[in-house]
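Here are my notes on this one, point by point. Have the viewer open while you read.

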Amino acid sequence: MTLDDGFIVSMMRTFCAPPTDEAIERIRSLTTRELAMTLSRLRVEENDVLEVTAPWDAFRRDGEWLDLLAALVVTIERDRGDVDAPLPIWPDLDESGAPGRFLYLYLFALCAAGMEEFLAREGCPEHVVEGTLGVLARHVAIHRRKHASVGVDAGWWMLPTLRGEIVDVGCLQYHRVNLGVGTLSPSPWYSDDDVARMGVGFRHGDPSVGIHIPDRAPITPERLDQSFAEAREVLGRLWPVAQRRLATCQTWMLDDHLARYLSETSNILAFQRRFTLLPVWVEDDADTLEFVFRSPGTAMADLPRTTTLQRAILDVLESGGHWRARTGWLDFDGVS
Ligand SMILES: CC(C)(COP(=O)(O)OP(=O)(O)OC[C@H]1O[C@@H](n2cnc3c(N)ncnc32)[C@H](O)[C@@H]1OP(=O)(O)O)[C@@H](O)C(=O)NCCC(=O)NCCS
């Protein structure tokens, strides 16, 4: 383990519950064959399954990795169902070689069944649970694009998914979050005076739905209409509320400056038009570069300028400008 990864691991261990004997035993008794079957069911490509399962025996014999994996399992299962439990956002452990890159694949394989049972028990339709499981393969594909190796990009994102508080419905991901309380609640939010004026739905602690746009999601207006319509139905039963509920989204994709560069028919601009933007924002060049180029460490001069968006992002940054993560909201349940 490198020094940097050692620091991240100590952060993870501080956040996590201590590993239990039961969790350690579960990991020790998971056979390579069972692991391979689960990863295949999770739609991880066959070659990747072979690569990931090959060092499993060595991984589970290594006390440090075993303890870390067990601590993550215990923490996910402890927090499942507690939507206000804090979420960690920590870097990946890619510097540690295969064990660090494979950690979240092992974690997903160990916790997926618990998440599926939880969502099914709460009333989530089977096809939505099935769609939600696709997050692992999607993040494996992003990792391959970025690093040309097997791993899970932004592994921390697996935690809220495995806790059962994010579901994929059609082309979007929907996240259950209480405003101002959950870690992924939009920040900054309206001022206290604005909140008092705007009332129910906007207040601290009000239930809301966070919208996330998966990588390469087909967000045509028709697909978005379908996703929102189905999500209203599914989440109306899964996470019912008796009051006004907002859907919020905080992302570079809501930066209204994009309208200066993208064509009127752009899916991103059509997505933007659905939301009311907050008057406050944060500058976020780093995430914008990450989501548009997925090319960490590449100098700006070497990044591709193939698409309108890529050219716009680079032109603005090269002229000293900045991109912003903006927050927007809409009435999720159609009540205002
Ligand atoms: C969501 C996504 C699929 C939308 O792409 P899209 O449907 O092509 O969007 P648009 O129709 O608005 O595209 C307009 C232009 O920008 C380009 N573009 C859009 N997203 C791009 C991306 N991530 N990388 C490079 N170019 C992109 C398109 O190719 C098009 O270029 P062109 O005019 O030269 O043909 C895409 O942006 C994406 O995969 N984003 C990553 C996920 C993400 O950022 N989520 C938010 C996290 S906070």
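1. Contact here is a C-beta to C-beta distance within 7 Å, with the C-beta atoms placed from the backbone.

2. The model is predicted, with local features requiring pLDDT of at least 70 and side-chain atom pairs pLDDT 80 or more, while totals for chains, interfaces and linings use all residues. Numbering starts from 1 along each chain as its sequence is written. Helices (H or I, at least four residues) and strands (E, at least two) are DSSP runs, numbered from the N terminus.

3. As for the domains themselves, domain 1 covers 3–165, and domain 2 is made of 172–178 + 188–331. These bounds come from an automatic or database domain assignment. The C-alpha centres of the two domains are 27 Å apart.

4. Now the ligand. Its shell counts 18 residues, and Ser266, Asn267, Ile268, Phe291 and Leu309 come nearest. To be near, a residue needs its backbone-placed C-beta atom within 6 Å of the molecule. Helices H13 (267–272), H14 (285–293) and H15 (308–318) supply at least two shell residues each, and H15 gives the most, with 3. The shell splits into 9 nonpolar, 7 polar and 2 charged residues.

5. Have a look at strand S4 (residues 246–251) next. 6 of its 6 residues are buried, so the strand is largely enclosed by the rest of the structure. (Buried means 20 or more other C-beta atoms within 10 Å of the residue's own, exposed means 12 or fewer, and partly exposed is in between; C-beta atoms are placed from the backbone.) Leu246, Thr248 and Gln250 point one way from S4, while Ala247, Cys249 and Thr251 point the other way.

6. What does S4 pair with? Strand S3 (residues 207–212) is a parallel partner over 3 bridges, and Gly210 stands opposite Thr248 in S4. Strand S6 (residues 324–331) pairs with S4 in the antiparallel sense over 6 bridges, with Leu330 in S6 as the bridge partner of Ala247. Pairing takes at least two DSSP bridges between the strands.

7. S3, helix H12 (residues 221–238) and S4 also form a right-handed β-α-β unit. Right-handed means that, with the strands pointing away from the viewer, the path from the first strand over the helix to the second runs clockwise.

8. Trp323 sits in the loop between H15 and S6. Is it buried or exposed? Trp323 counts as buried, with 22 C-beta neighbours inside 10 Å. Leaving out residues up to four places away in sequence, Trp323 touches Trp252, Asp255, Asp284, Asp285, Thr288, Ile313 and Val316. Its C-alpha atom is 8.7 Å from that of Val282, 41 residues apart along the chain.

9. Finally, Asp5 in helix H1 (residues 3–15). Asp5 is partly exposed, with 19 other C-beta atoms within 10 Å. Beyond its neighbours within four places in sequence, Asp5 is in contact with Leu93, Glu95, Ser96 and Gly100.

Key: Nonpolar A, V, L, I, M, F, W, Y, C, P; charged D, E, K, R; others polar. Contact = placed C-beta atoms within 7 Å.
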